[in-house]
Amino acid sequence: QGTRLAKNAREPRLRGVSLPEVCSLPLTELVEWVKGVPFSLSEPMRPMAESICESFLTVAKRLMDLGLGYLSLDRAASTLSTGERQRLQLARAVRNRTTGVLYVLDEPSIGLHPSNIVGLKAVMHDLIGDGNSVVLVDHDVEILSEADWIVEMGPEAGADGGEVIAEGRIPEIEENKASRIGPFLAGNMAPVRRRCPAEEMFAKGTIHLSTEAIHTVKPLEADIPKGRLTVVTGVSGSGKTTLILESLVPALEAVTADKPLPAHVKNIQAEGITRVKLIDAAPIGINVRSTVATYANVHDELRKVFARLRGAKEKGYKAGDFSYNTGKLRCPICDGTGSISLDVQFLPDVEITCPDCGGSRYQKDAAALYRTRKDGTQAESLPRLMEMSVDEALAACADL
């Protein structure tokens, strides 16, 4: 039944609760249960129980400070988000009381409610207080405002970035004209868009959702204005994902497909909504061979362009031959993946760039086929185009 424990583990009960039931409780509820454990035991056992419970409560408090109070102890680690894993590692690091260690945190504030940011900042200060160093990669102004020193990269992304454009303490960054984050730190940024007036909020219509209780979310009635930008917020574990991904989206999908509503959804009114598109953090692409070009359907169009070249027609190539998944022109050494795996005995396999195609995924015949632009100048081969950034490729294909 998912408890992972044998039947006999369910028999002993403490304060009327078995071990599997304890492990399935959210941390916030578990803390309250643990607090009452010493008083449920006989007098001689209480000192020992208090010591054990105090140790647990100390760790649990740190986890809750980091906004993880909604997690249960039996939650599979593989189901945790990147931010959740990082915060668990942080709590463990503070508990271990290390010193002289450099901690590098990559955007730990992702998904955190502002009230949970306070706990994150406290953990970082504890690490520094124990004699450690912390390097933080982040964008959240509330987190950045805690920094002793800021290094700002830019000014743009990709080929237009890669430089240190500002460096120093917070006041120095705020006054630095080259800094992009300085105005935000100083609170001087003007609003980026005009918000809809309150009296016009529902002028374009309303999506009304009515549900029964599900998980921790109680029965509710919610109105979402159409034609507006609506944000659902709340502390971690408050029910945001349940409301949107388990109620609103399935209900809209059911209505648009003329199918029965989910069992817990009583009613949804969404006149004029014909489709719902969910864009989440799940990996994109059908398989490991997917690239930005294949996912965005750009590669299909480019294969057709190169199949129309005179040199391609002379050799009998079709658009399908330019596919690095199944085409004749894919590299035979790496099978169109751009890398090969070396089996190193007694050690993990080593991935290296394909020595034959250099990571392009194509054999040399594909690299020899060049497209000529409409102005008569020679453009790039398909393997070369695939190595470009989106901006570079747009410039190279400006005549298409």
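Helices α4 (82-96) and α9 each supply at least two residues of the lining of the largest pocket. Helices here are DSSP runs of H or I with at least four residues, and strands are runs of E with at least two, numbered from the N terminus. This is a predicted model: local features need pLDDT of at least 70, side-chain atom pairs count only at pLDDT 80 or more, and totals for chains, interfaces and linings use all residues. Residues are numbered from 1 along each chain as its sequence is written, and side-chain values use heavy atoms, with hydrogens and water left out.

**Largest pocket**
- α9 gives the largest share of this lining, 6 residues.
- The lining divides into 15 nonpolar, 19 polar and 6 charged residues. Nonpolar covers Ala, Val, Leu, Ile, Met, Phe, Trp, Tyr, Cys and Pro; charged covers Asp, Glu, Lys and Arg; the others, Gly among them, count as polar.

**Helix α9**
- Buried residues (under 20% relative accessible area, 1.4 Å probe, protein chains only) of α9 include Leu243, Leu248, Val249 and Leu252.
- Strands β7 (206-211), β8 (220-225) and β9 (265-269) are among what covers the buried residues of α9.
- Just after α9, Asp258 takes a positive phi of about 55 degrees.

**Second largest pocket**
- β4 (133-137) is one of the elements that each supply at least two lining residues. The largest share, 5 residues, comes from β4.
- By class, this lining has 14 nonpolar, 4 polar and 5 charged residues.

Conventions:
Buried means under 20% relative accessible area, exposed over 50%, partly exposed in between (1.4 Å probe, protein chains only). Contact means heavy atoms within 4.5 Å.
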